[in-house]
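This report describes the fold of one chain and the surroundings of its ligands. The sequence and structure are shown first.

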Amino acid sequence: MDHETPTVRLIYMTLLSAAVWLALASLYGVTIAVKLWMPEFLPYELASFGRLRPIHTGGVLLGWLTLALVGLAILVVYRTSRRPIWSPRLGWIGLGLMNAALIAGTVTLHLGITRGPLEYREWVTPVAVLMAAGILCHGWNLLQTLIHRRVEEMYISNAFILGGFVWLPTLYVIAYLPGFDRGVEHMVIQGYYMHVILGLWFTPMAIGITYWSLPRLLQKPIYSYSLGVVAFWSNLVFYTMIGAHHFVLSPTPWWLQSIAVLLGVGMMIPVWSTVFNFSFTMVGSWAVIRREPAAWFILAGTINYGLASLQGSLQALRDFSQITHFTHYTVAHAHWAAYGFASFFVFGAVYALLPRLTAVVDRATIRPYAAWHFRFALAGITIYFVSMTISGTVQGMRWSAGLPFVASLDGVSPYMFARAIGGGLMAASHFIFLWCVWQLRPAAEPARGPIPVGPETQAPE
Ligand code: HEM
Ligand code: HEM
């Protein structure tokens, strides 16, 4: 076994775990989508909507996205530091703890053991502690690897990754601090946690990883390093204080809401810095982009990031929120961003980087399957987004017109059906993805290329 093999195995198993959680959580997603269309479907306590919904959100956000981002972060740090991971053993402990938390979280929620209506933090505290311990193991491991890197310069991806590993534990602790779970305090902390996990964990991690996967894939340097630095710092400044935009027109302080609305507009600086940077990097590489499904995911993810964020800034405006808040419109935005942007960047990075790493099959073997994955995923999220956007608008307009609640339910039933179909396509694409990841498992002695990837030159591998 060469000295890089333990690192490669750790990365692979982390990505495989993520793909398994994605497939599983998608089945929960389709089930709750069908339940919202046909409420009598699976009328059992263990499978009630209230139990399955947090299992779905925990599964996709903490199982799929978080594990996948951790796996890719290890890969990026290992390649850009030009050395294997500091402690593969600590990495395995981290992976074990995270998977244990995910299993425990799924089982306890099925049994109805929960902290209550605290979105994305429904797991009881001991389960959350397991997850946090896993994240800390990985964070420490990556920090040590970077400290002991074999190049002087630190590549821009690593700033985003280190930032993510500092911010996630901080906000997770705040989210679980006792004493803030009632009244207005509850809403302020809920808004803070809900958006900061999106903005200071998923967003910087997905972007940081793409700062590595895109130049690798296109075999050329990123368009501008400075735009990356602008995006990193402005994201930190603006995202930290926009959590209150989840509850505009609520009893939370008016000034807090106003700051959130204003900084939501400011978010256009980091968002468009990234969108332009990735787009200009892609200009001139159309031959690769046409050929590689990994590039399709990154291109679509870049467009989705820009547009879904623009939509987010609009949703935060009071006049807009008055119509769309509490409706399916928010669910459409949530999936467009968390799936169309963050998950698409992850899919792109896995297809771009994993074949190089494990080198068991030629990338061309996987390409047709990855292409079908892309087509199903794009068709699925488009149907999902369009149906939920129309449905949310119908709901909001009917409520604003003073119609009884039940009138809004009658109006949206066909859209619920369409969402279940779109979600079914997305779920099918995730089984193709799982199959591709399985095909890319490392051989006993992988024939990898050497590490010499200079971040300072960003020369092709
Ligand atoms: C600049 C960028 C963004 C802004 C200004 C923004 C704004 C908003 C606003 C105002 C809401 C609340 C809507 C309501 O409840 O009425 C919301 C919800 C949401 N956003 Fe964003 N968004 C942005 C980017 C993103 C990104 C990048 C992601 C994912 C990675 C994301 C994921 C979500 C999710 C999951 C929700 C639903 C939260 C919930 O109520 O459960 N957003 N966003
Ligand atoms: C595979 C197909 C999927 C289906 C059918 C599906 C379906 C659903 C449904 C029915 C809900 C509940 C909406 C409600 O309470 O009104 C939901 C919530 C949510 N799902 Fe999915 N989902 C899927 C995949 C994903 C993926 C891959 C992600 C993230 C990467 C994701 C992130 C979320 C989030 C953040 C929420 C909470 C949204 C909010 O409160 O506004 N879903 N999903």
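## Overall fold

The structure is a predicted model. Its chain contains 15 helices and zero strands. The C-alpha atoms occupy a box of roughly 65 × 45 × 45 Å along the principal axes. A compact globule of 461 residues would have a radius of gyration near 23 Å, and the value for the chain, 21 Å, agrees with this.

Of the 461 residues, 51% are buried.

## Surroundings of ligand 1

Ligand 1 is surrounded by 25 residues, of which Met267, Ser309, Gly312, Ala334 and Ala337 are the closest. Two or more residues of this shell come from each of helix H6 (183-218), H11, helix H12 (318-324) and H13. The greatest contribution is that of H13, with seven residues. Sorted by class, the shell around ligand 1 comprises eleven nonpolar, 13 polar and one charged residues.

## Surroundings of ligand 2

Around ligand 2 there are 21 residues, the closest being Ser26, Gly29, Val60, Ala334 and Gly423. The elements that supply two or more residues to this shell are helix H1 (5-37), helix H2 (49-81), helix H13 (328-358) and helix H15 (405-439). Here, too, H13 gives the most, with seven residues. The shell around ligand 2 consists of twelve nonpolar, eight polar and one charged residues.

## Helix H8

Helix H8 covers residues 254-266. Its 13 residues reach 19 Å from the first C-alpha to the last, close to the 18 Å expected at 1.5 Å a residue. The buried residues of H8 are Gln257, Ala260, Leu263 and Gly264. Viewed down the helix axis, these buried residues fall within an arc of 135 degrees, so they line one face of H8. In general, an α-helix has 3.6 residues a turn, so residues three or four places apart point the same way.

Trp254 and Trp255 are exposed on the other side of H8. The cover over the buried residues of H8 includes helix H7 (225-239) and helix H11 (293-315).

## Helix H9

Helix H9, residues 268-282, has 15 residues and reaches 21 Å between its first and last C-alpha atoms, close to the expected 21 Å. Its buried residues are Pro270, Val271, Ser273, Thr274, Val275, Asn277, Phe278, Thr281 and Met282. These residues pack against H6, H7, helix H10 (286-291) and H11. H11 is also part of the cover over the buried residues of H8. Just after H9, Gly284 adopts a positive phi of about 90 degrees.

## Arg149 in the loop between H4 and H5

Arg149 is located in the loop between helix H4 (125-147) and helix H5 (156-176). Arg149 counts as buried because it has 20 C-beta neighbours inside 10 Å.

When residues up to four places away in sequence are not counted, Arg149 touches Ser81, Arg82 and Arg83. Tyr78 is 71 residues from Arg149 in sequence, yet the two C-alpha atoms are 8.6 Å apart in space.

Notes
Residues numbered from 1 in each chain as written. Chains lettered and ligands numbered in written order. Predicted model: local features only at pLDDT ≥ 70, side-chain atom pairs only at ≥ 80, totals over all residues. Near = placed C-beta within 6 Å. Helix = DSSP H or I, 4+ residues; strand = E, 2+ residues; numbered from the N terminus. Nonpolar A, V, L, I, M, F, W, Y, C, P; charged D, E, K, R; others polar. Rg over C-alpha atoms; globule rule 2.2 N^0.38 Å. Buried ≥ 20, exposed ≤ 12 C-beta atoms within 10 Å, placed from the backbone. Expected span 1.5 Å × (residues − 1). Arc of directions from axis to C-beta. Contact = placed C-beta atoms within 7 Å.
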